[in-house]
Amino acid sequence: MCADRCGPITIATIWNAFEVLQIENSACLEALTEEVLQRPPSDCDPPEVAIVLHAAAQLQFKAREQLFAKLMPYVRDRIGNFSGRHLAVCFHAAAKAGLRDERLCELVVRRFRENISELDALALTSVVYACGLIAFFDQPFFEAVADFLLQA
């Protein structure tokens, strides 16, 4: 496709356009997925990974599970490199796609619980909603969310 000409941000932008326009052309989506699968995950920055996962969660195509299987370990392994918002987007995308990764759930809710006062409302809401989508309940996290909301 465009391996020599397209950088990660270009590919992420194409994914975003497909998602916004709801283009579910199987051949194009498979080619975009193949492009991502051929590259080492470290070629992408957290914002690009978040864009690709968010778009992929909104679209229906055969290789979606492969795409998540490649990128979710990257998110888990580099969770500290993700801003709260980008991490929330990745977590919400996985939940929307019906994927429940226990380790990722634990890491995300711990990070959000420990840094709740530094997070923006959209990121926090996305994580709470994602937990609901996949029926992941972490008592200390939800208690911290409740306390935070009562103080706001």
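This is a tour of helices, helix contacts and salt bridges, in the order to select them. The model is predicted.

**Stop 1: helix 5**

Select residues 84–96. This is helix 5, with 13 residues. Its first and last C-alpha atoms are 18 Å apart, close to the 18 Å expected at 1.5 Å a residue.

Now colour the buried positions. They are Gly84, Leu87, Ala88, Cys90, Phe91, His92, Ala93, Ala94 and Ala95. What do these buried residues pack against? Show helix 3 (46–58), helix 4 (64–77), helix 6 and helix 7: the buried residues of helix 5 pack against these.

Step past the end of the helix to Gly98. Helix 5 is followed by this glycine, and its phi is positive, near 85°.

**Stop 2: His92**

Go back into helix 5 and pick His92. Is His92 buried or exposed? Its relative accessible area is 16%, so His92 counts as buried; the cut-off is under 20%.

Next, display its contacts. Leaving out residues up to four places away in sequence, His92 touches Ser126, Tyr129, Ala130 and Leu133.

**Stop 3: Arg85 and Asp120**

Arg85 sits in helix 5 and Asp120 in the loop between helix 6 and helix 7, so the pair ties together parts that are 35 residues apart in sequence.

Check the accessibility of each partner. Arg85 is at 38% relative accessibility, so it counts as partly exposed. Asp120 is partly exposed too, at 29%.

**Stop 4: helix 6 against helix 7**

The crossing is left-handed.

Show side chains at the contact. Helix 6 supplies Val108, Val109 and Phe112. Helix 7 supplies Ala123, Leu124, Val127 and Cys131. Which classes of residue make up this contact? There are 7 nonpolar residues, with no polar and no charged ones.

**Stop 5: helix 4**

Select residues 64–77 for helix 4. Its 14 residues should span 20 Å at 1.5 Å a residue, and the end C-alpha atoms are 20 Å apart, which agrees.

Colour the buried residues here as well. They are Arg64, Leu67, Phe68, Leu71, Met72, Tyr74 and Val75.

**Stop 6: helix 4 against helix 6**

Keep helix 4 on screen and bring back helix 6. These two helices pack at an angle of about 35°, with axes 10 Å apart. The crossing is left-handed.

Which residues meet here? On helix 4, pick Met72, Val75 and Arg76. On helix 6, pick Arg103, Leu104 and Leu107. By class, this contact has 4 nonpolar, no polar and 2 charged residues.

**Stop 7**

**Stop 8: Arg39 and Glu35**

Jump to Arg39 and Glu35. They form a salt bridge, with the closest N and O atoms 3.0 Å apart. Both Arg39 and Glu35 are buried.

How many salt bridges does the structure hold? There are 6.

**Stop 9: Asn16**

Finish at Asn16, in helix 1 (residues 8–21). At 33% relative accessibility, Asn16 counts as partly exposed.

Draw a distance from Asn16 to Val52, C-alpha to C-alpha. It reads 6.9 Å, although the two residues are 36 apart in sequence. For contacts, set aside the neighbours within four places in sequence. Asn16 then touches Ile51 and Ala55.

Definitions and conventions:
Residues numbered from 1 in each chain as written. Predicted model: local features only at pLDDT ≥ 70, side-chain atom pairs only at ≥ 80, totals over all residues. Heavy atoms only, no water. Left-handed = near helix turned anticlockwise from the far one by under 90°. Helix = DSSP H or I, 4+ residues; strand = E, 2+ residues; numbered from the N terminus. Contact = heavy atoms within 4.5 Å. Nonpolar A, V, L, I, M, F, W, Y, C, P; charged D, E, K, R; others polar. Expected span 1.5 Å × (residues − 1). Buried < 20%, exposed > 50% of the residue type's maximum accessible area, 1.4 Å probe, protein only. Salt bridge = Lys/Arg side-chain N within 4 Å of Asp/Glu carboxyl O. Axes fitted to C-alpha atoms, helices over the stretch in contact; angles between N-to-C directions.
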